[in-house]
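Thanks for making the time this morning. I would like to take you through one structure, beginning with the overall fold and ending at the ligand.

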Amino acid sequence: MIAAIIQARMGSSRLPGKVLADIGGHPMLWHVVRRILRCRTIDQIVVATTTNEQDKPIESFCEKEGILCVRGPEQDVLERYYQAVILVKADVVVRITADCPFIDPEVVDRVVDAFSSTSGCDYASNTLHYTYPDGLDVEVFSSVALATAQKQAQSPLEREHVTPYLRTATKAGKPLFAIINVENKEAAVPVKLRLTVDEQADLDFARLVYERLGTKNPFFGLREVLFLLQQEPELMEVNHNIMKNEGLYKSLLSEKPVEARKLSLHNSLALKAKAEKLIPSCSQTFSKGPSQFVQGVAPVYLERGEKAHVWDVDGNEYVDTVLALAPIILGYCDPCVDGAVQEQLKNGVSFSLPHRLEIEVAEKLVAMIPCAEMVRFGKNGSDATSGAIRAVRAYTGREMVACCGYHGWQDWYIGTTTRNGGVPVSTRAMTKTFVYNDIDSLKSLFFQYPGQIAAVIMEPISVEKPRDNFLAEVKEVAHAHGALLIFDEVVTGFRLAKGGAQEYFGVIPDLACFGKAMANGFPLSAIVGSKEIMRIFDEIFFSFTFGGEALSLAAARATIETFLEKDVIGVLWEQGERLQEGFNVLAKGLGLAQYMSCKGLPPRTIIDITAPDEIDPLLLKAILQQEMVRRGVLWAGYHNVCFSMTEADVMCILRAYRAALPVVKQAIESGNPEKYLLGARLQPVFRKV
Ligand SMILES: Cc1ncc(COP(=O)(O)O)c(C=O)c1O
């Protein structure tokens, strides 16, 4: 017996009384119930409301409509579901919320069918990865799984939101329940579209749509809504700014903060002691070295990784938000990528002549990246940016460069920073910086150095979003002065969109540099661009022994194929958004919003820290890192997300914040924040000038 249980209450904090609010002449709950009645797969409908007096009207509504109604505790919605299941003796439960007046019976049936036809399935939903709009949410689970959750789920969040336990519970590191996601394989859904009702703006939107579609047929489906929005896309402006899961994140605030773990770091410290005698700075990469992690608290050496998790040399496990500084885009040890590498390994790694993989990967990049007509490969991002700079200098016959962002370790760029030791003064003078979103700062460089600037190289976005058509303006200004535009997509590539930031923002540069994520952790970078400009590589010297190394190219081919086959980008945006919104809700709820916020586009966000005047922000960052690490999250001030990061991982990170942020707050308020730091302070990468 399959029962749809519709949870409903009058006491919404953001929009009280919403479930009985009028939409097109009927209460919202009427629409939900009538729509569910049209489902082919549902045998019984139950409305589950609270025992509060203010929910009496919901019971009366049910009596009038002839619908079963159960009443239970307000916050313990899981208990309400359990009571409803016992009452109607359901084998399978379909969870629907009464704030979804557009719920589509076809979609409900599709999720129920997927549940029923998947043997051993405990939980099926279309919300594990959103391919349907928010508001068409369907969750289907067995009453047996529900009974387990009823017994085991402890936290207020798990009780209030019913299914987090089913979605995220693990045993020995593996999911406890067999869960599946049901994807929308039909029409593409605009990201902005919200069909749920959390706030007044959502209700306004619902009324507008019902006004247009509901008079002919109050049971119109997703298809009709999408058709309408094609004609009137401006309707979505009414409510697109509202956060998706605010209620869930707020519930974290009422949870007991997770305790800090006591980590053994014995092996890490022993290795570090050895390295100190052998390896200056103990690391090959500045941002992975001991100066960037609180020594004495954070691990120094990692041993292995799997999906979004890493284990240090002492066996401590972490959810990794650093992900090797962003190359891990699918997850550690991705079976497809590693399988492709193992296959290639049987045939060889580096050869005496070029390998066909160079052509295969180049073809894929040309197909995927808007500005790419030809490709040259390198190993690190710095190879790509420095190769691009040599190319534009040769192509234009000019020597100076304007840059904005970080572009790697080579002289031409690092000479602009405070770590410019060893870079000749004459080289430093050739690169000038300009300020993001300040077009005048770029114009004034062209004014100061007329006819001398070969190219503008920039990260299309780092944290701040482009304002006032900034990227297009940069391109126009550069071209107007005879200079080329290079996008440094080492971070944005294979992250914001399949074709990188140039595709996402719709501004196509002359050349672009990729690296980091393109081979899921294997060392590969690329310069791509128009044939006309790329032909200059025939003339200049851009050549190194390992340029065509085959394992990384095999890894890139498999990584790109995964990007093409699966919605990698969609997942990066979704998990990144959960982290960003979750962090910001927690920071606000814990009274830290004036000091900390999570900024940037969801696939890569950073925690922006503005400490009170007398406190060094780096000290607060260190305290936050310390508290995150002690709660099982490897953290360095930003969120790099990967395709295999699960909802359980995201919740683990948010729970760590929920416990760590109050410590930062105490540190700020104590007047003596130093005393909260249990290890060594962090060092700035570049000094403030
Ligand atoms: C935007 C950007 N460009 C270039 C580079 C340099 O790449 P690599 O460190 O692989 O040389 C980086 C590295 O972090 C980067 O973030």
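Predicted model: local features only at pLDDT ≥ 70, side-chain atom pairs only at ≥ 80, totals over all residues.

The protein contains 24 helices and 25 strands, and its C-alpha atoms fill a box of roughly 85 × 60 × 55 Å along the principal axes. The radius of gyration is 27 Å, which agrees with the value near 26 Å that a compact globule of 689 residues would have. Of those 689 residues, 56% are buried, and if we take the contacts between residues at least 6 apart in sequence, 73% of them join residues at least 24 apart. The protein exposes about 29,200 Å², with carbon and sulfur atoms supplying 52% of that area.

Let me turn now to the ligand. Which residues surround the ligand? They are Asn380, Gly381, Ser382, Tyr406, His407, Gly408, Glu459, Asp488, Val490, Val491 and Lys516, and by class this shell divides into 3 nonpolar, 5 polar and 3 charged residues.

As for individual atom pairs, an oxygen atom of the ligand lies 2.7 Å from a polar backbone atom of Gly381, while a nitrogen atom of the ligand is 3.2 Å from a polar backbone atom of Tyr406. With Asp488 the side chain takes part, one of its N or O atoms being 2.6 Å from a nitrogen atom of the ligand. On its own the ligand has 390 Å² of accessible area, and the protein covers 82% of it.

Key: Residues numbered from 1 in each chain as written. Heavy atoms only, no water. Near = heavy atom within 4 Å. Polar contact = N/O pair within 3.5 Å; in protein donor to acceptor, adjacent residues only side chain to side chain. Areas by Shrake-Rupley, 256 points an atom, 1.4 Å probe, with all protein chains shown as cover. Nonpolar A, V, L, I, M, F, W, Y, C, P; charged D, E, K, R; others polar. Helix = DSSP H or I, 4+ residues; strand = E, 2+ residues; numbered from the N terminus. Rg over C-alpha atoms; globule rule 2.2 N^0.38 Å. Buried < 20%, exposed > 50% of the residue type's maximum accessible area, 1.4 Å probe, protein only. Contact = heavy atoms within 4.5 Å.
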